[in-house]
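This report describes a single protein chain for a reader who has the sequence and the model at hand. Please keep both in view while reading.

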Amino acid sequence: MQVSRPAVRLTVIVNESDRYHRGPLSDEIVRRAREAGLPGAAVFRGVEGFGSSSLIHTDRLLSMSEDLPVAVVIVDDEEPIRRFVRQLDEIGVGGLVVLDACEITHHVPDRPEGGSSEAGL
């Protein structure tokens with residue numbers, strides 16, 4: 001059985017070298033998302049990219065960059081996501097912030113007749 005609902009995907013793209021106090025900015029975004037009660041966050045490290053400077057950063061051996069793009073992705077209902085976006089100013093996010101409408105789909109196994117789901121669904 002498939003259960004779906006509308007949602008919003010927040011993608012925050014920053015540089016690997018961006019810091020908040022002494023740690024990576026992406027770590028702070030994830031920590032705050034957890035504190036805000038959002039259901040989850042994932043951080044993806046890019047292998048190549050460029051931003052407003054037009055300077056290409058890559059992980060190729062000859063030009064090992066320590067400043068690769070990092071994307072933090074969070075999916076939830078629209079209201080909590082929009083509330084969380086306001087916190088990004090507090091921590092100095094200067095990267096690209098993208099909101100996309102999306103659909104959350106859960107694949108829930110069909111229960112055998114008379115059986116119950118272990119997950120309580």
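## E28 and helix α1

Not counting residues up to four places away in sequence, E28 touches Y20 and I91, where contact is taken as heavy atoms within 4.5 Å. E28 lies in helix α1 and is buried, with a relative accessible area of 9%; buried stands for under 20% relative accessible area, exposed for over 50%, and partly exposed for values in between, with a 1.4 Å probe and protein chains only. The model is a predicted one, in which local features need pLDDT of at least 70 and side-chain atom pairs count only at pLDDT 80 or more, whereas totals for chains, interfaces and linings use all residues. Residues are numbered from 1 along each chain as its sequence is written, and side-chain values use heavy atoms, with hydrogens and water left out.

Together with E28, the buried residues of α1 are L25, S26, I29, R32 and A33. They cover an arc of only 160° around the axis, so they are placed on the same side of α1; the arc is that of the directions from the helix axis to the C-beta atoms. On the other side of α1, R34 and E35 are exposed. The cover over the buried residues of α1 includes β1, β2 (19–20), β3 (23–24), β4 (42–45), β7 and α2. Just after α1, G37 adopts a positive phi of about 80°.

## Overall architecture

The chain contains two helices and eight strands, which are DSSP runs numbered from the N terminus (H or I and at least four residues for helices, E and at least two for strands). Along the sequence they follow the pattern β-β-β-α-β-β-β-β-α-β. Of the 121 residues in the chain, 29% are buried. Among contacts between residues at least 6 apart in sequence, 74% join residues at least 24 apart.

## The nonpolar core

A nonpolar core is a set of buried Ala, Val, Leu, Ile, Met, Phe, Trp, Tyr and Cys residues joined through side-chain atoms within 4.5 Å. The largest one here has 16 residues, and those with the most contacts inside it are V12, I29, I74, F84, L88 and V93. Two or more residues are given to this core by each of β1 (2–15), α1 (25–35), β7 (69–76) and α2 (78–90), and the largest share, four residues, comes from β1. When its neighbours within four places in sequence are left aside, I74 is in contact with V8, R9, L10, A33, L38, G40, A41, I81 and F84.

L10 is found in strand β1 and counts as buried, at 0% relative accessibility. Leaving aside neighbours within four places in sequence, L10 is in contact with V72, V73, I74, I81, F84, V85, V97, V98 and L99. L10 and A101 are 91 residues apart in sequence, and their C-alpha atoms are 9.1 Å apart in space. T11, also in strand β1, is buried with a relative accessible area of 14%, and beyond residues up to four places away in sequence T11 touches A71, V72, V73, L96, V97 and V98.

C102 lies in strand β8 (residues 96–107). With neighbours within four places in sequence left aside, C102 is in contact with R5, P6, A7, V8, R9 and V75. The C-alpha atoms of C102 and R9 are separated by 6.4 Å, although these residues are 93 apart along the chain.

## The loop residue H21

Most residues other than glycine have a negative phi. H21, in the loop between β2 and β3, has a positive phi near 55°. H21 counts as exposed, at 68% relative accessibility.

## The largest pocket

On a 1 Å grid over the protein atoms alone, a pocket is an open set of points where a 1.4 Å probe fits, with protein on both sides within 12 Å along at least five of seven lines, and its lining residues have an atom within 4 Å of a point. The largest pocket holds about 260 Å³ of space, a volume being the space filled by probe spheres set on the points, which are joined across faces, edges and corners.

The lining of the largest pocket has 13 residues, of which V14, N15, F50, G51 and S52 lie nearest its centre. The largest share of this lining, three residues, comes from β1. By class, the lining has five nonpolar, seven polar and one charged residues, with Ala, Val, Leu, Ile, Met, Phe, Trp, Tyr, Cys and Pro counted as nonpolar, Asp, Glu, Lys and Arg as charged, and the others, Gly among them, as polar.
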